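Hi everyone, thanks for coming. Today I'd like to walk you through one structure, slowly and in plain words. Have a look at it first.

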Amino acid sequence: DPLTIQYPMEELVMAKDSNIMFYETDIHWTNFAALVSIETMIEELQDPALIEALANLNFKEKPYRMSGLYWGMLGIDIWGMELNSETNDIFVQNPNATEISLDTSCPDNAITHYQVDSPGSPNAIFIHDSFGNAMVNFLPELHSNFIDLYLNRCKHPSALMTLDEITDEMQIDYLIMVANERSLHSTNAHHYQLAKLIEKMDEDE
């Protein structure tokens, strides 16, 4: 199957006049920006099931909450404070995706399995760093089975063993990975660490 690489800069720039794309108190994008990137991805894939599922999502709005990465470094707790803005952040209204228990334990809590009663929708694995967290507000709703692997917590080979067991039990239609630019150039980045974990698993076998 083909590998598709997307860099949705143009779409984010075009959308920035209608909503906040990045938090002023953090490096991460907002839910709205994450949704723009998901729409771009689905447009590229042209999967009818994903297009229909996205079209059927109902959204609600809430005031932006300050994200406290920078302030937390200074010892100032602003988490949960509303951000004064002319626009609101976006969420799924009445989400259908539910977490289901995994057959094997994952000590890092790196993997979450979401399931939606939608037999015609595809199954996907989502591997990401912290930028992918906002996308998890939407992506599970578009799939029958959605396996979320959060690399920031993936520090033990057993997490990948759990993932391997899951993929043995179901057909995976899409593997989606999200990385920011610094992850492509640093050996300390989570995606590099993932590759090292896979290498260690191969050695153990």
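**A salt bridge, a fold and a helix**

Let's begin with a lysine: K16 has a relative accessibility of 47%, so it counts as partly exposed. Keep in mind that we are looking at a predicted model. K16 has a partner, D17, and together they form a salt bridge in which the closest N and O atoms are 3.8 Å apart. D17 is at 71% relative accessibility and therefore counts as exposed. How many salt bridges does a search of the whole structure find? One.

Now let's step back to the whole chain. You can find six helices and seven strands in it. Along the sequence, the order goes α-α-α-β-α-β-β-β-β-β-α-β-α. Of the 205 residues, 45% are buried.

My last stop is helix 2, residues 31-45. From first C-alpha to last, this 15-residue helix reaches 21 Å, close to the 21 Å expected at 1.5 Å a residue. Is helix 2 mostly covered or mostly open? Mostly covered: 11 of its 15 residues are buried. Among them are F32, L35, V36, I38, M41 and I42. And what covers these buried residues of helix 2? The cover includes helix 1 (9-15), helix 3 (48-55), strand 1 (59-62), strand 2 (89-92) and strand 7 (174-178). Finally, just after helix 2, look for Q46, which takes a positive phi of about 55°.

Conventions:
Residues numbered from 1 in each chain as written. Predicted model: local features only at pLDDT ≥ 70, side-chain atom pairs only at ≥ 80, totals over all residues. Heavy atoms only, no water. Helix = DSSP H or I, 4+ residues; strand = E, 2+ residues; numbered from the N terminus. Expected span 1.5 Å × (residues − 1). Buried < 20%, exposed > 50% of the residue type's maximum accessible area, 1.4 Å probe, protein only. Contact = heavy atoms within 4.5 Å. Salt bridge = Lys/Arg side-chain N within 4 Å of Asp/Glu carboxyl O.
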